[in-house]
Amino acid sequence: MCDKQLGAAPEAGTEPVKGSGWFARLRAQPGFRAAAVAFVLTVILGVGGPAAYAYWTQSTAVTVTGTTAPPVTPVPKGVKCQPSPVRITWPAAAGADPEVRYIVSLNAEAVGLSAVYALPAGTTTIDPWTVYAAHTGGAAPRSMSTTIKVTATVRSAIVQPYVSASMVKVADTDLRYVSAPSETVKMNVAVSTLSLTCG
């Protein structure tokens with residue numbers, strides 16, 4: 001192999017390639033001097049660096065906006081007392097937040113009993129006797145009356161702190177995003193026979 005550039009006709013005034021290494025071949029390429037000067041100015045001396053940095057910082061600005069919405073806690077509709085056996089039932093609320101629980105409030109003013117229980121969202125029925133037994137230990141109500149009137153309402157809410165039990169007694173201070181109460185369901189407890197009837 002000779003020292004001359006192969007495959008190209010030499011121009012007038014160009015120097016022949018001196019040396020045989022890769023750097024000598026690189027120096028012989030057209031535009032090498034201009035590229036070397038641009039490299040030195042940009043990288044070593046930093047000319048053009050601030051402009052490039054300013055362009056980069058302006059092009060990376062991002063704005064993120066968001067809104068939060070409270071969880072959906074719909075008012076339970078169609079709450080009713082179902083006889084034989086007596087149960088309080090309601091249809092599942094469509095579109096409720098996954099963490100919503102049904103809040104059943106039972107009140108028997110004549111004997112001074114009132115309780116609020118949280119039930120999982122999948123539960124759409126409750127047995128008042130089960131609640132009564134959990135609340136009183138199953139003791140018979142003491143009343144001068146032969147009949148005790150009991151009322152019940154159902155709401156939906158988020159319980160804080162979250163509990164996963166099937167039925168848990170809660171206080172109103174444990175409830176967040178509480179819906180309006182459902183229609184009131186009325187029941188009667190016959191003290192002599194401890195039987196429960198709707199009405």
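Visitor: Which residue forms a salt bridge with Asp172, and how far apart are the closest N and O atoms?

Guide: Side chains of opposite charge can pair when their charged atoms come close. In this predicted model, the partner of Asp172 is Arg155, with the closest N and O atoms 3.3 Å apart. Arg155 belongs to strand 6 (residues 147-159), whereas Asp172 sits in the loop between strand 7 (168-169) and strand 8 (175-176), so the pair ties together parts that are 17 residues apart in sequence.

Visitor: How many salt bridges does a search of the whole structure find?

Guide: The search finds one.

Visitor: Is Arg155 buried or exposed?

Guide: Buried means under 20% relative accessible area. Arg155 has a value of 14% and is therefore buried.

Visitor: Which residues make the nonpolar surface patch?

Guide: Trp22, Phe23 and Leu26 make this patch, which covers about 350 Å². Leu26 is part of helix 1 (residues 22-27), and its relative accessibility of 36% places it in the partly exposed class.

Visitor: Where is Val75, and with which residues is it in contact beyond its neighbours within four places in sequence?

Guide: Val75 lies in the loop that runs between helix 3 (49-59) and strand 1 (80-82). Apart from those sequence neighbours, Val75 contacts Ser179, Ala180, Pro181 and Ser182. Val75 is partly exposed, at a relative accessible area of 29%. Between the C-alpha atoms of Val75 and Ala96, which are 21 residues apart along the chain, the separation is 9.7 Å.

Conventions
Residues numbered from 1 in each chain as written. Predicted model: local features only at pLDDT ≥ 70, side-chain atom pairs only at ≥ 80, totals over all residues. Heavy atoms only, no water. Helix = DSSP H or I, 4+ residues; strand = E, 2+ residues; numbered from the N terminus. Buried < 20%, exposed > 50% of the residue type's maximum accessible area, 1.4 Å probe, protein only. Contact = heavy atoms within 4.5 Å. Salt bridge = Lys/Arg side-chain N within 4 Å of Asp/Glu carboxyl O. Patch = residues over 30% accessible without salt bridge, like charges linked within 9 Å, V, L, I, M, F, W, Y side chains within 5 Å. Areas by Shrake-Rupley, 256 points an atom, 1.4 Å probe, with all protein chains shown as cover.
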